[in-house]
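Hi,

Here is the model I promised to pass on.

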Amino acid sequence: MTPAGVHIDLPLSACRSGECGEIVQVDGDGATLRRLRELGIEPGAEVRIARAGSPVIVHIHGARLCLRGDLADAVLLRVGGAAHTGGPAAELARFSEGLA
């Protein structure tokens with residue numbers, strides 16, 4: 001488990017099933033950003049990864065959405081603290097603790 005207060009930003013494509021976090025950044029061209037915003041994928045939204053991989057399936061605003069490849073790479077999720085359940089961020093945090 002990641003220590004309280006430790007947060008790491010990861011693309012949705014790098015998250016594991018069950019991870020939760022807040023969207024902190026969405027990249028893309030105008031049309032892509034507009035479409036993602038219409039789906040509720042924008043900074044500040046809370047997300048839970050229902051299924052990792054390609055496509056990634058996320059729970060957001062009470063809906064399940066499927067994002068493939070470039071779209072999943074374009075959305076950065078801040079994971080960590082109490083909402084985090086494991087995955088690459090937790091592994092990095094444990095490694096970092098060993099360096100302190």
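Of the 100 residues in the protein chain, 36% count as buried (under 20% relative accessible area; over 50% is exposed and anything in between partly exposed, with a 1.4 Å probe and protein chains only). Before you read on: this is a predicted model, where local features need pLDDT of at least 70 and side-chain atom pairs count only at pLDDT 80 or more, while totals for chains, interfaces and linings use all residues. Residues are numbered from 1 along each chain as its sequence is written, and side-chain values use heavy atoms, with hydrogens and water left out.

The overall layout

The chain has three helices and six strands, taken as DSSP runs numbered from the N terminus (helices are H or I with at least four residues, strands are E with at least two). Read from the N terminus, the order is β-β-α-β-β-β-α-β-α. Among the contacts in the chain with a separation of 6 or more, 69% come from residues 24 or more positions apart; contact here means heavy atoms within 4.5 Å.

The strands

Strands count as paired if DSSP finds at least two bridges between them. β1 and β6 are antiparallel, with five bridges, and I8 sits opposite V79 in β6. β1 also has two faces: I8 and L10 are on the covered one, whereas H7, D9 and P11 are on the uncovered one.

β2 and β3 run antiparallel too, joined by three bridges, and E22 stands opposite E46 in β3. Next come β3 and β4, again antiparallel, this time with four bridges; R48 has H59 in β4 as its bridge partner. These two strands make a hairpin with four residues between them, and G53 in the turn has a positive phi of about 110°.

The core

What does the largest nonpolar core look like, and which residues touch the most other members? It has 20 residues, and L12, I23 and I41 are the ones with the most such neighbours. (A nonpolar core is a set of buried Ala, Val, Leu, Ile, Met, Phe, Trp, Tyr and Cys residues joined through side-chain atoms within 4.5 Å.) The elements giving two or more residues to this core are β1 (7–11), β2 (20–26), β3 (46–51), β4 (56–60), β5 (63–67) and β6 (75–80). In soluble globular proteins, nonpolar side chains tend to be buried together.

Leaving out neighbours within four places in sequence, L12 is in contact with V47, I49, V56, V58, L67, A72, V75 and L77. L10, in strand β1, is buried because its relative accessible area is 12%. Its C-alpha lies 9.9 Å from that of Q25, which is 15 residues away in sequence.

C15 is in the loop between β1 and β2, and it counts as buried because its relative accessible area is 3%. Not counting residues up to four places away in sequence, C15 touches L10, I49, A52 and L77. The C-alpha atoms of C15 and L76 are 9.8 Å apart, with 61 residues of separation along the chain.

Spots to look at

E19 is in the loop between β1 and β2. E19 is buried but has no salt bridge, and the nearest side chain of opposite charge, R16, is 6.3 Å away. For the bookkeeping, a salt bridge is a side-chain nitrogen of Lys or Arg within 4 Å of a carboxyl oxygen of Asp or Glu; Lys and Arg count as positive, Asp and Glu as negative, and His and the chain ends are not counted. What does the side chain of E19 reach? The backbone nitrogen of R16, at 2.5 Å.

That is a polar contact, meaning a pair of N or O atoms within 3.5 Å; within protein, one must be able to donate a hydrogen and the other to accept it, and residues adjacent in sequence count only if both atoms are side-chain atoms. Another is at the start of helix α1 (residues 30–38), where a side-chain oxygen of D29 comes to within 3.3 Å of the backbone nitrogen of A31. After α1 comes G40, with a positive phi near 90°.

Finally, H61 is in the loop between β4 and β5. H61 has a positive phi of about 50° although it is not a glycine, and H61 counts as exposed because its relative accessibility is 60%.

Cheers
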